[in-house]
Amino acid sequence: MKPKIHVSEPNLSQADTSEEILILTDGRILAHNLTPDLAAVLRELNPNDEPMRRRALTDRKSRKIR
Amino acid sequence: MICEMINESAVRGRDRRMVAQERVALAYESLSHCRLCPHDCGVNRLAGESGWCRAGARGRVFSAQVVVGEELDLIPTFAIAFSGCDMRCAFCITGADSWNPQRGEVFDVRSIAAKASMALDDGARSVMILGGEPTIHLPEAIQLVAALPADARLVWKTNAYVTAQARSLLAGLFDVWVADFKFGNDKCAERLAAIKDYQQPVQQTLGWASADGELIVRHLLMPGHTDCCWEPVARWIATNLPSTKVSLRCGFWPAWKAREHPELRGTVTPAEIQRAMDVGRSYDLHLIE
């Protein structure tokens with residue numbers, strides 16, 4: 001298995017956040033620097049992912065963290 | 001000498017920000033003969049010298065953002081990552097930033113403290129200081145503690161490869177220590193992280209941290225290292241810190257230079273995760289997510 005990795009170049013001035021995900025061939029998704037927004041996206045991709053559900057905390061309307 | 005100048009038990013009940021402010025000068029002084037980690041370089045970082053970690057006198061930050069991938073009890077946390085490290089883990093997920101103390105932006109205490117305070121106002125439950133290894137930038141980390149709200153829940157995320165001097169400067173400043181126990185033996189530590197005397201200082205730090213505040217011991221499960229690393233780590237915790245929270249992280253991916261080591265070229269399999277959980281349960285560890 002050859003995982004594909006997206007590597008971002010963090011720049012605090014230009015970007016507020018940076019995160020990385022690794023999608024495995026067996027369907028597992030690993031994340032590094034998991035932000036609330038990314039957690040919300042991953043939860044939507046797999047609503048049955050219970051650990052992700054607990055990490056997906058962002059209320060996108062208010063942009064506040066619950 | 002610095003250890004003797006700090007009365008660790010005198011911290012309790014005092015305003016953490018004041019205690020931190022009082023220690024900033026001592027922490028900077030420690031850089032003039034740096035012995036913050038067991039490499040014991042003794043270089044004068046204030047005069048432009050650098051030792052094993054190559055860090056200078058000024059810390060840099062490569063990431064500062066709200067994240068939710070840490071332990072559930074801590075998230076959302078505003079995580080501030082200093083560049084540079086005193087270890088060389090081949091599989092480091094932030095290798096480019098962690099191995100190079102020149103990455104990121106020069107630390108600005110006002111700016112970072114303002115961002116952290118804003119995140120707390122927006123609902124972040126904690127502020128986490130990490131790296132790389134934040135210990136090598138102790139003066140700035142302590143400055144930051146002095147600038148953060150007194151009631152903020154502060155988390156110190158460390159590789160635990162630090163000295164008594166560093167621990168003494170940190171005493172009483174953090175509510176939670178998240179400390180890695182990465183390797184179950186010195187051989188794996190030397191081969192994968194270029195550290196010869198790993199076990200003793202790390203175990204000392206874990207024992208000390210459990211008395212200083214809340215401790216979460218983290219272990220990143222590595223492919224092929226359940227028996228040589230996780231099992232001895234689990235056994236040590238069960239024997240020495242039986243009630244401590246343990247965070248077994250199973251999201252290993254072959255980052256940075258992991259591919260130089262054949263067994264680290266893939267991820268951890270579901271079967272390995274199951275076996276690792278069984279090991280944790282067999283030692284009756286307090287496993288947390």
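Mentor: Before we start, two residues are said to be in contact if their C-beta atoms, placed from the backbone, lie within 7 Å. Please also keep in mind that the model before us is predicted.

Trainee: Then what share of the contacts in chain A, between residues at least 6 apart in sequence, join residues at least 24 apart?

Mentor: Counting contacts between residues at least 6 apart, 4% join residues at least 24 apart in chain A. The chain has two helices and four strands, which follow one another from the N terminus in the order β-β-α-α-β-β, and 21% of its 66 residues count as buried.

Trainee: Staying in chain A, why is N33(A) said to count as buried?

Mentor: A residue is buried if 20 or more other C-beta atoms lie within 10 Å of its own, and N33(A) has 21 such neighbours, so N33(A) counts as buried. N33(A) sits in the loop between β2 (29-32) and α1 (36-45) of chain A, and its phi is near 55°, a positive value in a residue other than glycine.

Trainee: Which residue of chain B has a positive phi although it is not a glycine, and is that residue buried or exposed?

Mentor: That residue is A160(B), with a phi of about 70°, and it belongs to the loop between β5 and α6 of chain B. The cut-off for buried is 20 or more, and 26 other C-beta atoms lie within 10 Å of A160(B), so A160(B) is buried.

Trainee: What makes V202(B) buried, and which residues does V202(B) touch?

Mentor: V202(B), which is in helix α8 (residues 199-212) of chain B, has 26 other C-beta atoms within 10 Å and is therefore buried. Leaving out residues up to four places away in sequence, V202(B) touches A160(B), Y161(B) and F181(B).

Trainee: How do you know whether D40(B) is buried or exposed?

Mentor: A residue is exposed if 12 or fewer other C-beta atoms lie within 10 Å of its own, and D40(B) has 11, so D40(B) is exposed. D40(B) lies in the loop between α2 and β1 of chain B, and its C-alpha is 9.8 Å from that of V162(B), a residue 122 places away in sequence.

Trainee: Why is helix α5 of chain B called largely enclosed by the rest of the structure?

Mentor: The reason is that eight of the 10 residues of α5(B), which spans residues 138-147, are buried. They are L138(B), P139(B), E140(B), A141(B), I142(B), Q143(B), L144(B) and V145(B). These buried residues pack against α2 (16-30), α4 (109-121), β4 (126-130), β5 (154-158) and α6 (164-170) of chain B.

Trainee: How are α4(B) and α5(B) set against each other, and at what angle do their axes cross?

Mentor: Their axes come within 10 Å and cross at roughly 50°. Angles under 35 degrees count as roughly parallel and 65 to 115 as roughly perpendicular, so a value between those ranges makes α4(B) oblique to α5(B). The contact is formed by V109(B), I112(B) and A113(B) from α4(B), and by E140(B), Q143(B), L144(B) and A147(B) from α5(B). By class, these residues are five nonpolar, one polar and one charged.

Trainee: And what makes α9(B) and α10(B) roughly parallel to each other?

Mentor: The axes of α9(B), residues 226-240, and α10(B), residues 270-282, come within 9 Å and cross at roughly 25°. Angles under 35 degrees count as roughly parallel, and α9(B) and α10(B) are therefore roughly parallel to each other. The contact involves T226(B), W230(B), E231(B) and A234(B) of α9(B), together with E272(B), R275(B), A276(B), V279(B) and G280(B) of α10(B). Four of these residues are nonpolar, two polar and three charged.

Trainee: Which residues touch the most other members of the largest nonpolar core?

Mentor: Those are I80(B) and F91(B), in a core of 105 residues. Beyond its neighbours within four places in sequence, I80(B) is in contact with V61(B), A64(B), I112(B), A116(B), M128(B) and I129(B). In soluble globular proteins, nonpolar side chains tend to be buried together.

Trainee: Finally, where do cis peptide bonds occur in chain B?

Mentor: One joins I75(B) and P76(B), with omega about -10°, and P76(B) is in the loop between β1 (60-67) and β2 (77-82). Another joins G131(B) and G132(B), with omega about 15°, and G132(B) is in the loop between β4 and α5 of chain B.

Note on methods
Residues numbered from 1 in each chain as written. Chains lettered and ligands numbered in written order. Predicted model: local features only at pLDDT ≥ 70, side-chain atom pairs only at ≥ 80, totals over all residues. Axes fitted to C-alpha atoms, helices over the stretch in contact; angles between N-to-C directions. Parallel < 35°, antiparallel > 145°, perpendicular 65-115°, else oblique. Nonpolar A, V, L, I, M, F, W, Y, C, P; charged D, E, K, R; others polar. Core = buried A, V, L, I, M, F, W, Y, C linked by C-beta atoms within 7 Å.
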